[in-house]
Each structure stands twice: as structure tokens, then as C-alpha cells.
Amino acid sequence: MQFGIFSVSDITRDPVSGETPSEAQRIKAAVAIAKKTEEVGMDVFAIGEHHNPPFFSSSPTTLLASIAAQTERIVLSTSTTLITTNDPVRLAEEYAMLQHVSDGRMDLMLGRGNTAPVYPWFGKDIRESLPMALENYNLLHRLWREDVVDWQGSYRTPLQGFTSTPRPLDDVPPFVWHGSIRTPEIAEQAAYYGDGFFANNIFWPKEHYMRLIRMYRQRFEHYGHGTAAQAIVGLGGQAYIAKRSQDAIREFRPYFDHAPVYGNGPTMEDFTSQTPLSVGSPQEVIDKTLTFRESFGDYQRQLFLMDHAGLPLTAVLDQLELLGGEVVPVLRRELAALRAPGVPDAPTHASLVRAKYGDAEPRQPRPNANRGDNVTGGSPYQDTDDVRR
């Protein structure tokens with residue numbers, strides 16, 4: 001079971017101090033949070049992708065590459081990478097490069113995003129977002145698995161004899177999670193490819209996510225990737241922790257009441273009772289998180305949103321100390337004891353390499369001499385004599 005932090009990269013006014021951090025401050029804070037996540041013993045740090053204020057993470061691969069250079073163990077991911085407004089060719093190249101520079105300590109979550117204006121900014125039509133997401137991922141999936149790709153679709157120019165470089169590390173593509181809060185077709189897509197499915201598990205009651213996850217599990221089994229219980233599921237969640245629950249409620253209330261995503265809605269008490277939000281002592285957060293397994297079954301990744309709503313960096317780092325020091329160790333132990341036999345771990349680069357090669361040495365693609373283009377002849381790599389037809 002993997003535990004970690006995911007961020008949506010919001011820049012929100014602190015309602016207690018009245019200050020709004022700069023973009024520069026929040027970018028540096030994200031690096032500090034990722035390093036702290038590793039320091040306190042958690043496994044994953046994920047950052048979202050946005051292209052508009054008040055968010056800062058327009059280039060997740062750049063930020064994650066910087067974090068990779070400053071960490072040793074933690075898996076770096078996204079929450080999410082936009083499969084619609086990004087060119088799948090650039091996604092193939094950029095995330096393969098991140099895979100190399102992080103020594104395989106990465107995966108990514110693909111999604112359509114929730115900011116409508118981003119589509120015309122990148123020359124796309126939001127009315128085509130779902131078929132675009134399905135087609136773009138089909139191409140991305142091939143680009144990571146085939147040295148030479150011929151392709152034609154509806155949403156980008158055709159490819160003839162195209163090779164995406166660099167090839168994935170060890171010729172093993174990054175593991176992909178598909179994130180969705182409402183779209184059955186995305187759950188179907190994840191199941192079809194045998195990929196992971198991530199439910200952000202933040203704003204909606206559990207019944208909303210249960211339907212999507214149940215469908216994903218059933219279709220994962222239908223496509224022959226394993227039993228429904230072996231499907232790869234990730235969940236989000238939100239928490240604010242203090243040693244005493246009274247302090248947690250008092251400290252978090254102004255942030256809840258004034259945050260754009262919460263304000264003028266249900267009370268904090270109603271929100272915590274109706275959604276996955278936990279505000280309380282370490283034990284209360286443990287108890288609430290354990291209910292996720294009761295609702296969704298055994299799962300592989302649990303991420304928490306904690307650097308949002310204007311919380312200052314010092315408060316977030318304190319939260320990580322409590323989460324990593326007092327909450328996650330208990331959750332690891334309890335969930336491991338409850339876990340059914342045969343449920344797999346979250347895939348990692350090392351496990352995917354073992355699955356593909358066993359004890360053999362992984363492939364390390366070495367290009368042939370430059371021929372000036374990539375649209376003629378066979379494979380550009382020395383270890384294959386495949387001829388395009």
C-alpha cells in the first residue's frame with residue numbers, strides 16, 4: 001500500500017494572516033512539501049496540471065524533475081496530466097524523459113481536467129473532450145510500446161514512421177492511472193488497458209465513487225487482466241490533523257469557511273460527515289480512512305490533499321509530521337492485516353521490469369547512425385531488424 005500527498009497547486013489567500021503567497025513562494029513550497037513527504041516515510045508525491053491563475057503547476061514534468069534531483073526514494077506522479085489539451089507525442093517524450101532522470105521513480109495520472117477555458121487556449125473543442133481523451137491515450141499507449149508508429153486519427157496530424165524519443169527506461173512504459181470523478185468511459189478505458197483507476201475522493205459522498213470503482217473492477221476482470229479484486233485502485237482524501245480534535249476543528253475552520261471550493265456551502269461539520277474530509281485527531285483520521293476500504297475494497301494507493309485552501313507552508317509541514325508519524329504507520333499495519341490474499345501491490349518501475357524480463361537484462365535501446373529522418377526504412381534501433389510495411 002502506497003501513501004502520499006497530492007496537490008492541485010492552488011494559490012489561495014490565507015484567511016488568518018490575510019496574505020496571498022506569490023507563485024514563486026508556492027513553487028518552492030511544493031518542493032519542500034515533496035521532500036518532507038519523503039522524510040516522514042511516505043511513498044508518493046503528486047502534482048496537478050493547470051494553465052490558469054490561481055494555480056501554478058503548468059509544467060509538472062519540470063517541477064517533478066527538480067524534485068527527483070533532491071530526493072532518493074519517493075515516487076513522483078501527477079494529479080492530473082491533461083490527456084486532452086496536450087499532444088500525446090509530447091506527453092510520450094516528456095514523461096519518458098522524466099522516467100529516465102528519476103531512475104524510474106515516477107508514474108502519471110491522466111485526466112480531462114475541470115477548467116473549460118483551457119480547451120480553446122490550446123486550440124481544442126471541449127465538446128470533443130471525451131473522444132479526444134480516448135483517442136489521445138490510444139496513441140500515447142502505442143508510442144511507448146512500439147519503436148515505429150504509423151497512425152492517423154481525428155485530433156492531430158497523422159504520423160508516418162514516427163519514433164518517440166527517448167524510449168521508456170528499460171523499454172518499460174511508465175505506469176498510468178486514469179483519473180475521473182464522473183465518467184464511466186474513463187473507467188472503461190482504464191480497465192481495457194489494465195491500467196490503474198484513481199478516484200480523487202474529495203468532494204462527493206462515497207456512493208458517487210463506489211459506482212465508478214465497481215464498474216472499473218468488473219471491466220478489468222472482463223478484459224482478462226485479473227480478478228476484480230486485483231484491479232489497481234487509488235484514492236484521494238483530505239485531512240487536517242491536530243493532537244486534539246478540538247484544536248483541529250478550531251484551526252481549520254477559517255480555511256474551510258473562506259476557501260473558494262468550500263465557502264458558502266455546507267458547514268465544515270456537514271462536509272466532514274458527508275464526504276471523505278477528515279478534521280480531527282490522528283485517531284479520527286485513521287478511523288475515517290479505514291472506512292474507505294469498507295466502501296471500495298482493498299486498494300493500492302492513498303493520497304491526501306493537505307496544501308490547499310491557503311494553509312501556510314509551516315502548517316502543511318506540521319501536518320505531514322503528524323500524517324507520516326502517527327497516522328500512516330497505523331494505516332499501513334491495519335490495512336495490511338485486513339488485505340485479502342492475492343491483492344497486488346501498486347506497480348512500480350522495478351515490479352514492471354521484473355514482470356517483463358524476469359531475471360534477464362532489460363532492453364537498452366541504442367540508435368543506429370543518423371539517417372536524417374524517421375519516415376523511411378525499418379526500426380532506428382540496433383537490436384531489431386523489423387521492417388516497416
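## Close-up views of a predicted model

**View 1. The open sheet, strand by strand.** Nine strands line up as an open sheet in the order β3-β2-β1-β13-β10-β9-β8-β5-β4, with parallel pairing. At the edges stand β3 (75–78) and β4 (81–82); each has a single partner strand, so one side of each is left without a neighbour in the sheet. Keep in mind that everything shown here comes from a predicted model.

View 2. β2 and β3 run parallel and are joined by four bridges.

**View 3. Strands β5 and β8 side by side.** Strand β5 (residues 108–111) pairs with strand β8 (residues 176–179) in the parallel sense, over three bridges. Pick out L108 and you'll find its bridge partner in β8, V176.

**View 4. The largest pocket.** About 950 Å³ of space lies in this pocket. Its lining takes in 45 residues, and V8, H50, S79, N114 and N200 are the ones nearest the centre. β5, β8 and α6 (184–193) each supply at least two lining residues. The biggest share goes to β5, with three residues.

**View 5. Two cis peptide bonds.** The bond from S79 to T80 is cis, with omega near 20 degrees, and T80 lies in the loop between β3 and β4. S79 also turns up among the residues nearest the centre of the largest pocket. The other bond shown, from T165 to P166, is cis too, with omega near -5 degrees; P166 belongs to the loop between β7 (159–162) and β8.

**View 6. Two aspartates with positive phi.** Most residues other than glycine have a negative phi. D103 has a positive one, near 55 degrees, and is found in the loop between α3 (88–101) and β5. With D170, phi is near 60 degrees, again a positive value; this residue is in the loop between β7 and β8. As for accessibility, D103 counts as exposed because its relative value of 64% is over the 50% cut-off, whereas D170 counts as buried because 13% is under the 20% cut-off.

**View 7. Y216 and its surroundings.** Y216 lies in helix α7 (residues 206–222) and is buried, with a relative accessible area of 0%. Leaving aside neighbours within four places in sequence, Y216 is in contact with A187, A190, A191, D195, G196, F197, A231, I232 and V233. For a sense of scale, Y216 and G179 are 12 Å apart, C-alpha to C-alpha, and 37 residues apart in sequence.

**View 8. A336 and M1.** A336 is part of helix α11 (residues 313–338). With a relative accessible area of 52%, A336 is exposed. A336 and M1 are 335 residues apart in sequence, yet their C-alpha atoms are 7.8 Å apart in space.

Note on methods: Residues are numbered from 1 along each chain as its sequence is written. This is a predicted model: local features need pLDDT of at least 70, side-chain atom pairs count only at pLDDT 80 or more; totals for chains, interfaces and linings use all residues. Side-chain values use heavy atoms; hydrogens and water are left out. Two strands pair if DSSP finds at least two bridges between them. Buried means under 20% relative accessible area, exposed over 50%, partly exposed in between (1.4 Å probe, protein chains only). On a 1 Å grid over the protein atoms alone, a cavity is a set of points where a 1.4 Å probe fits but cannot get out, and a pocket is an open set with protein on both sides within 12 Å along at least five of seven lines; lining residues have an atom within 4 Å of a point. Grid points are joined across faces, edges and corners, and a volume is the space filled by probe spheres set on the points. Contact means heavy atoms within 4.5 Å.
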